Amino acid sequence: MVTPTSPAPRSGVYYFSQGWQLIGLPGIRRYVFLPLLVNVILMGGAFWWLFSKLGEWIPAMMSHVPAWLQWLDYLLWPVVVISILLVFGYFFSTIANIIAAPFTGLLAEQLEARLTGATPPDTGILGMMKDLPRIMKREWQKMAWYLPRAIALLILYFIPGIGQTVAPVLWFLFSAWMMAIQYCDYPFDNHKVPFKTMRLALRTQKVMNMQFGALTSLFTMIPVLNLVILPVATCGATAMWVDCYRGKHALWK
């Protein structure tokens with residue numbers, strides 16, 4: 001388990017695995033419930049609908065494959081499926097994150113206090129409600145940063161050949177980085193660290209954050225497991241904050 005005296009940052013794989021353990025800590029489980037409920041309702045319904053539509057969407061996307069690549073159908077088909085799952089998974093996890101942001105921030109706050117022994121400035125629902133305008137503003141900041149880049153990548157999907165080969169790889173890398181930003185931002189925002197400062201801080205540990213984000217992206221594509229990924233990733237990112245960033249950016253001790 002992470003402690004306030006952890007000597008050095010570890011891999012993104014380590015922090016992702018820590019998230020699965022930390023959601024079960026006594027005293028933390030009750031803060032996991034509301035983000036988990038939002039994710040189960042939204043992601044569960046969304047993926048049920050998605051799998052009912054895959055039979056229509058996959059042939060439509062494969063129709064854009066140029067004739068000279070038709071011989072690669074057996075390889076491109078799984079790439080197309082993964083592409084749809086990546087785009088769809090990230091889109092609906094983003095919506096879930098926006099809706100659950102106040103509860104997720106509270107989870108990160110309480111977990112950090114548990115891991116470090118610090119006392120957060122405001123605890124419970126009243127503190128969360130007071131910070132609600134700031135939390136929602138932060139979510140829109142992330143969305144404003146994300147949307148132009150996502151739209152540019154999605155346009156690539158409509159370019160024959162590139163859309164079925166290069167675009168999925170670029171989207172996965174972008175999604176991994178955005179997942180790291182999304183979940184690491186909760187503890188950063190609890191300490192009122194500006195969004196740009198947070199992104200610059202994450203770049204100092206880019207490989208670790210890409211590992212963490214890549215695993216989070218992969219798990220958003222896996223039915224059942226993706227239902228619990230929101231609190232798991234939040235706890236893992238909070239552990240990462242405690243080990244790697246808190247010493248420099250913490251507002252409260």
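The model discussed here is predicted. Phe 172 belongs to helix H6, which runs over residues 166-190.

## The chain as a whole

The protein chain contains 10 helices and zero strands. Written in order along the sequence, the pattern is α-α-α-α-α-α-α-α-α-α. Of the 253 residues in the protein chain, 53% are buried.

Contacts can also be sorted by how far apart the partners are in sequence. Among the contacts in the protein chain between residues at least 6 apart in sequence, 79% are between residues at least 24 apart. The accessible surface of the protein chain is about 11500 Å², and carbon and sulfur atoms account for 72% of that surface.

## Aromatic rings

The model has 11 aromatic pairs. One of them joins Trp 145 and Phe 174: the ring centres are 6.4 Å apart and the planes meet at 20°, so the pair is stacked. A pair counts as stacked when the planes are under 30 degrees apart. Trp 145 sits in helix H5 and Phe 174 in helix H6, 29 residues apart, and the pair links distant parts of the chain.

Are these two residues buried or exposed? Trp 145 has a relative accessible area of 12% and is therefore buried. Phe 174 is also at 12% relative accessibility, so Phe 174 counts as buried. Elsewhere, ring pairs connect Phe 16, Trp 20, Phe 212 and Phe 219 into a cluster.

## The second largest cavity

How many cavities of 30 Å³ or more does the structure hold? There are four of them. The second largest cavity has a volume of about 60 Å³. Its lining is made of Ala 101, Gly 105, Arg 134, Ile 135, Arg 138, Glu 139, Lys 142, Asp 185, Tyr 186, Asp 189 and Asn 190.

Three helices each give at least two residues to the lining of this second largest cavity: H3 (73-116), H5 (132-156) and H6 (166-190). Helix H5 supplies the largest share of that lining, with five residues. Sorted by class, the lining of the second largest cavity has six charged, three nonpolar and two polar residues.

Val 13 is located in helix H1, which covers residues 12-22. Its relative accessible area is 46%, so Val 13 is partly exposed. Leaving aside residues up to four places away in sequence, Val 13 touches Gln 211 and Leu 215. The C-alpha atoms of Val 13 and Thr 216 are 9.9 Å apart, while 203 residues separate the two along the chain.

Phe 103 is part of helix H3. With 23% relative accessibility, Phe 103 counts as partly exposed. Phe 103 and Phe 33 are 70 residues apart in sequence, and their C-alpha atoms are 9.0 Å apart in space.

## Two loop residues

Lys 192 lies in the loop between H6 and H7. Phi of Lys 192 is near 60°, which is a positive value in a residue other than glycine. Lys 192 has 47% relative accessibility, so this residue counts as partly exposed; exposed would require over 50%.

Thr 204 is found in the next loop discussed here, between helix H7 (195-203) and helix H8 (206-220). At 58% relative accessibility, Thr 204 is above the cut-off and therefore counts as exposed. Between the C-alpha atoms of Thr 204 and Cys 244 there is a separation of 9.9 Å, with the residues 40 apart along the chain.

Notes. Residues numbered from 1 in each chain as written. Predicted model: local features only at pLDDT ≥ 70, side-chain atom pairs only at ≥ 80, totals over all residues. Heavy atoms only, no water. 1 Å grid on protein atoms, 1.4 Å probe; cavity = no way out; pocket = protein on both sides within 12 Å on 5 of 7 lines; lining within 4 Å. Points joined across faces, edges and corners; volume = space filled by probe spheres on them. Helix = DSSP H or I, 4+ residues; strand = E, 2+ residues; numbered from the N terminus. Nonpolar A, V, L, I, M, F, W, Y, C, P; charged D, E, K, R; others polar. Buried < 20%, exposed > 50% of the residue type's maximum accessible area, 1.4 Å probe, protein only. Contact = heavy atoms within 4.5 Å. Areas by Shrake-Rupley, 256 points an atom, 1.4 Å probe, with all protein chains shown as cover. Phe/Tyr/Trp six-rings, centres within 6.5 Å; stacked < 30°, edge-to-face > 60°.
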